[in-house]
Amino acid sequence: MIIKNWKLWTSAALTAALLTGAQPGVSSAAQAEETAVKLTQPAFWAAPTLPAAGEQNNTEQNGTEQGVERSVHAVPDQGLVYVHTRQAVNAGQDKTGYLDILQAYNDQTGELKWQYELHKEGKPYAASTQLMYTESGEIYIYAQYTDGTARIHAVSSKGKDLWGQDVESGSKVSFLNSSKLLVYKESEPSWDGSVSTKFTQYSDTGKFITQSMLGGTVIFAGDGRVVMNADRKIKVDEQWQDDPHPDIKILDDSLNLLDSYTFPTTTKIYGAGNPVIMLGDDTLLIRAVSDSQGNILLGFNKDGEKKWERLIPEGALIEQVGAGSYAVYADGKIELYNAFNKMAERTFTYDPSNAVSMEQTEEGKLRLVLGSDVYVLDPQTLKTGKLYKLDYQNSTYDTTGKAVFSVVNNQLVKGLVR
């Protein structure tokens with residue numbers, strides 16, 4: 001089971017193209033200019049619909065709806081495309097809530113297969129939601145509600161409720177592995193900054209497994225590992241903050257201690273975004289900043305032992321590629337590594353002001369987005385397999401090896417990739 005949290009991207013009038021001509025070799029020099037041709041005319045499908053919500057369901061002149069967020073997630077193995085819509089509504093008592101609607105479309109015909117509404121009549125609205133998708137089509141929704149309650153909803157690929165579980169509000173939820181769901185919440189700091197975290201484990205069928213309490217706070221949980229900051233919090237300007245030079249504990253998916261590591265006082269864990277990257281062979285990467293070296297990447301083996309460290313550019317994007325390899329992108333240059341060596345590199349012509357992102361595709365390729373250019377790269381050589389052109393504006397999208405799915409002017413769009 002592959003779990004993927006939905007991501008909100010932006011794109012609008014969508015065009016895509018596939019690369020023609022010879023593939024360039026991998027080198028440190030800029031690659032030859034790559035040309036793209038227009039794809040098959042996109043097929044426009046009926047727009048996802050929302051229930052009326054008074055004045056808040058009005059549509060602006062540019063065709064986008066007020067107070068509405070959308071995301072798209074394709075599940076090619078099931079022939080489905082999911083569209084998640086969140087619409088802001090007045091939840092009463094000066095509270096803002098959301099109508100969350102999940103729709104499933106046939107990825108070949110655009111037919112609406114089913115629609116699932118999180119809000120039930122007479123019940124509170126969601127204040128926030130987190131969706132976790134699986135390769136088999138099930139969806140797990142963690143919702144915190146405006147009345148202070150929280151609940152996990154498991155939804156089948158047919159749009160039916162599988163199970164539900166009430167949890168403590170303010171909890172965090174992640175998949176520890178393909179069959180185990182972890183719910184965790186940290187306590188308020190005591191007078192000396194000590195903090196504990198309560199863990200509750202459930203199976204993917206909703207069965208309670210176990211509950212435990214461990215000292216420290218969670219830095220990362222997922223993909224078979226939990227990384228904890230075991231140090232006390234420190235008070236800065238009357239606010240409790242995590243120690244930036246922590247003693248960390250690395251736990252397995254049963255919360256057994258594998259190993260520990262103490263950050264030197266000259267090195268602090270990387271503060272921007274998630275500092276931990278898990279690779280498919282259970283290698284753990286942690287981003288850090290050293291006073292003497294700058295930005296570094298620490299490598300831990302499957303037993304939790306620190307084995308190496310490597311310099312990386314400031315603000316670099318890092319993404320796993322295959323079982324034990326990862327890519328590092330910064331300032332127009334991408335490099336491919338395994339635990340021991342640099343395997344490949346290449347450079348791109350890019351505009352620093354454009355949006356940049358990088359992720360592994362469902363097919364195991366590497367997707368690099370440079371502004372309106374979306375490269376699908378070979379995970380061993382970094383050669384371009386396909387090249388898409390996307391004009392950014394206000395839409396969200398997802399891609400597979402054969403198509404790009406996007407919401408444009410409140411319609412679901414499919415662009416074919418050949």
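**Reading the sheets**

Author: In this predicted model, β32-β33-β34-β35 is the order of four strands in an open sheet, and their pairing is antiparallel. Strands (E, at least two residues) are DSSP runs, numbered from the N terminus, and two strands pair if DSSP finds at least two bridges between them. The edge strands, β32 (356-360) and β35 (384-389), each pair on one side only. On average, neighbouring strands here are turned by 15° against each other, direction ignored; axes are lines fitted to C-alpha atoms, and angles run from 0 to 180 degrees between N-to-C directions.

Author: Residues are numbered from 1 along each chain as its sequence is written. The model being predicted, local features need pLDDT of at least 70, side-chain atom pairs count only at pLDDT 80 or more, and totals for chains, interfaces and linings use all residues, while side-chain values use heavy atoms, with hydrogens and water left out.

Reader: How many bridges join strand β33 to strand β34?

Author: Five bridges link β33 (residues 366-370) with β34 (residues 373-377). Among the partners, Leu370 is bridged to Asp373 in β34.

Reader: Where do β13 and β16 stand in their sheet?

Author: In general, side chains of a regular strand alternate between the two faces of the sheet. The order β13-β14-β15-β16 describes an open sheet of four strands with antiparallel pairing. β13 (172-177) and β16 (208-215) are at the edges with a single partner strand each, so one side of each has no neighbour in the sheet. The twist from one strand to the next averages 25°.
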